[in-house]
Amino acid sequence: MCLAIPALVKSVTGQEAEVEVGGVGRRISIALTPEVKVGDYVLLHTGYSINVIDAGEAEETLKLLRELAEESA
Amino acid sequence: MRYVDEYRDPELGKRLVDRIHKLSTRPARIMEFCGGHTVTIFKHGIRQLLPPTVEMLSGPGCPVCVTANAELDKAIALAKEPGVILATFGDMLKVPGSRSSLQQAKAEGGDIRVVYSTRDALAMARDNPDKRVVFLGIGFETTAPTVAASVLQAEAEAIHNYFVLPLHKLCPPVIKALLDSGEVRLDGLICPGHVSAVIGSRPWGFIPTGYGIGCVVSGFEPLDILLSVEMLVAQVERGEPKVEIAYRRGVKPEGNPQALRLMATVFEESQATWRGIGTVPQSGLKLREKYRSFDAEAQFQIDPGPTLEPAGCLCGDILRAVKTPLDCKLFRRVCTPEHPVGPCMVSSEGSCAAYYQYGADHE
Ligand code: SF4
């Protein structure tokens, strides 16, 4: 029910955006994330973007995961 | 898919599991609150991969499951009102209420329509000016801002035939109620990722400070869960419970300020009744006085009749993590996803559905 999936923002018009999810285009509301820009990924939940995905933090988490894996090898 | 596939790498997963095995010496009872996490854990068999010191329990974080029968009966009664279109997320259709379900009410002629978004419900109101469209507002803090946004848009466009039946529930107060009850003993909590995308990680601070239990906010891929378990086990080993975020790409400590603002504009906190848990103060949302004209509760006279609970169903105990689906005599024999007796079997995120789908031998 709280499912949210990453969606790539292709264009922004006012409170709405065109996004792409797994190759399929959709029109969503960005009323909850007015700061979104073209090229951002957002978390899409029931037709609304509920947050912008932080690309830098995503990279950091992957780095941490690899380090933890290394240490246990 | 970007931001999904990277967090499913089986090789990294195996190494993380090894690490958890090496790290864990003390018993760690960990609850995942959110039904979405339960699905990931069962789908990937994560319970069986963990060392015997780590025990996983499923919590009440399934909005469909915790909707009380009295609330559902209200929605069903509303759907029978003349000139009403009841718009609902699909998950709610098959949930049995006291005497009927939305699906049954639909078969009997109720105008019940499944929507993916409040945007669709609002469009329905625009397209059907002679009807009254009622959106069945269920969901946690993840969903409530989207409903708030729809009410504000209806106000801006002067759409007067759009209503919300506000049944939203808030997660921190119910976790507090569970911990206060003393029924379950926990060493760690995996906090809901998309609820936290909205509210942030700060509202969980009372769990380590008040109860000495560590919390990690997790994403929904298997590596997210394993990282969260690793962090919680490390906290248990060090004896230092705190709030950490394993899902940093989606969650900030302060949450999403705009979503919180819209939610606070439209809604105020109120007490709410949770299936199996009962009435919890400040754990629900109702529409503020200013938005009363959009409030189905205020605008319709609804009498759903007395509430009945399904005989033999243990959903309530399962939601409080004091029983598992295997304790239910009806599980698999009488109660199946095709013929669900209780909501924990209807919702794909319910514990009974997870046990059914991914094997009953998970304990
Ligand atoms: S198996 Fe069915 S009857 Fe038993 S607790 Fe689960 S939903 Fe209720």
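What percentage of the 73 residues in chain A is made up of buried residues? I began my notes with this, keeping in mind that I am working with a predicted model. I found that buried residues account for 51% of the 73 residues of chain A, where buried stands for under 20% relative accessible area.

**Entry on chain A**

I then turned to the overall spread of the chain: the radius of gyration of chain A is 15 Å, whereas the globule rule gives 11 Å for 73 residues, so chain A is more spread out than a compact globule. I also wrote down the span of its C-alpha trace, which comes to about 50 × 25 × 20 Å along the principal axes. For the contacts in chain A with a separation of 6 or more, I recorded that 30% are between residues 24 or more positions apart.

**Entry on the largest pocket**

When I sorted the lining of the largest pocket by class, I had 22 nonpolar, 10 polar and 8 charged residues.

Which elements each supply at least two residues of this lining? I listed β1 (5-13) and β4 (41-45) from chain A, and α2 (35-43) and α12 (222-238) from chain B. Of the elements, α2(B) gives the most, with 4 residues.

Why does the largest pocket lie between domain 1 (1-310) and domain 2 (315-358) of chain B? I wrote that it lies there because both of these domains give residues to its lining.

**Entry on the second largest pocket**

For the second largest pocket I noted a volume of about 330 Å³, with a lining of 23 residues, of which P166(B), S270(B), L285(B), K286(B) and E297(B) lie nearest the centre. The elements of chain B that each supply at least two residues of this lining are α5 (69-79), β10 (267-274), β11 (278-287) and α14 (296-299), and the largest share, 5 residues, comes from β10(B). I finished by sorting the lining of the second largest pocket into classes, which gave 8 nonpolar, 5 polar and 10 charged residues.

Notes. Residues are numbered from 1 along each chain as its sequence is written. Chains are lettered from A and ligands numbered from 1 in the order in which they are written. This is a predicted model: local features need pLDDT of at least 70, side-chain atom pairs count only at pLDDT 80 or more; totals for chains, interfaces and linings use all residues. Side-chain values use heavy atoms; hydrogens and water are left out. Ala, Val, Leu, Ile, Met, Phe, Trp, Tyr, Cys and Pro count as nonpolar, Asp, Glu, Lys and Arg as charged, and the others, Gly among them, as polar. Domain bounds come from an automatic or database domain assignment. On a 1 Å grid over the protein atoms alone, a cavity is a set of points where a 1.4 Å probe fits but cannot get out, and a pocket is an open set with protein on both sides within 12 Å along at least five of seven lines; lining residues have an atom within 4 Å of a point. Grid points are joined across faces, edges and corners, and a volume is the space filled by probe spheres set on the points. The radius of gyration is taken over C-alpha atoms; the globule rule is 2.2 Å times the number of residues to the power 0.38. Buried means under 20% relative accessible area, exposed over 50%, partly exposed in between (1.4 Å probe, protein chains only). Contact means heavy atoms within 4.5 Å.
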